[in-house]
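This report describes how the parts of a protein chain meet. The structure is shown first, and the description follows.

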Amino acid sequence: MTQTIAEVELGPDPRAAYRDTLIDLAAEDPRVICLDSDTGGLEDTFAERFPDRYINVGIAEANLMTVAAGLARRGFIPYVHTMATFATMRAAEFLKVDVVGNRLPVRVIATHGGLSAAHFGTTHFALEDLAVARALADLAVVVPGDGRQIGAATRQLHELPGPAYLRLGRSATPAPPMPQGSAPDFRLGRARTLREGTDVTIVATGAMPLLFALEAASRLAGDGIDAEVLELHTLHPLDRDGLLAGCRGRAGVVTVEEHRPQGGAGDAVAEVVSAELAVPIRRVAVRGRPGARVAGQRDALEAHGVSADAVVEAAGRLLDHTQNTDRKTR
């Protein structure tokens, strides 16, 4: 029986899970500095515990990056907090030049990723941020698909010598089901297999896309189609070997993401897979001009092409294409 997203229990709140880990890291490492931009939630959690290591620069994201770079140059490990679209659009030049250009150990914690702030309107959509982040050399880029991974992801990024971009949603989403007795493992730079299959491979990045992918795989199984589901939570460094192993010998690959099709996870997969394998790829991504009306995250995604239905349709078209190609070559 197919389990829909509505039937899955909520996972942890992503921002709360992150803040708990940050406070633990600050207790362990005196180099941790928290830089805020009026995001809310840090002033009455981190600041109460470590008032001398909390700085709120206000809604001044460009200055936020510059201050972080200066502190990192002096030996601190700054964690900067703003919304994903502001980190990569409003402050892009300062992130590029001051932080990434100097390979400084600044951790950019970008909340409200994708359409998770769709109820705020178009100013808060983050549908181009991964394209910008991926284009910046030496910037680690991580998008957890499961709130239970956020603590491990934050800790592993803390150990990196250079800069990192951690994209989080705004609110809790349903927790992807795990095999009995297993845990939502996170290893930086390693794709995670949530379901094994031999017919098609679905590669998902982000919480809602991963849930859509798993729901689609269950529905496809009901039609006799064996779909593998890979969670690609790290876009840089990319798991080249894991992607190739998961896509080799399949009728095709479907990528699912909460981002525009240009420059995001779909492009990252295509850059690797298309160079090595003769496997067709279809991308399920946000298309059109979202923002004509205020909506919730899931409604906005489904209205603009990202849903379990879209994944099922894309997989079906890949299989039809492969079968038609086989007939022509006989």
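## Domains

Into which domains is the protein chain divided? The chain has domain 1 (8–167) and domain 2 (192–329), with bounds that come from an automatic or database domain assignment. The centres of the two domains, taken over C-alpha atoms, are 27 Å apart.

This is a predicted model, in which local features need pLDDT of at least 70, side-chain atom pairs count only at pLDDT 80 or more, and totals for chains, interfaces and linings use all residues. Residues are numbered from 1 along each chain as its sequence is written, and side-chain values use heavy atoms, with hydrogens and water left out.

## Buried area

Domain 1 and domain 2 bury about 2100 Å² between them, 57% of it on carbon and sulfur atoms. Buried area is the accessible area (1.4 Å probe) that two parts lose on being put together, summed over both. In domain 1, the residues that lose the most area to domain 2 are Leu115, Leu127 and Arg134, together 31% of what that side buries.

Two salt bridges are counted between domain 1 and domain 2; the term means a side-chain nitrogen of Lys or Arg within 4 Å of a carboxyl oxygen of Asp or Glu. Arg134 forms a salt bridge with Glu271, and their closest N and O atoms are 2.8 Å apart.
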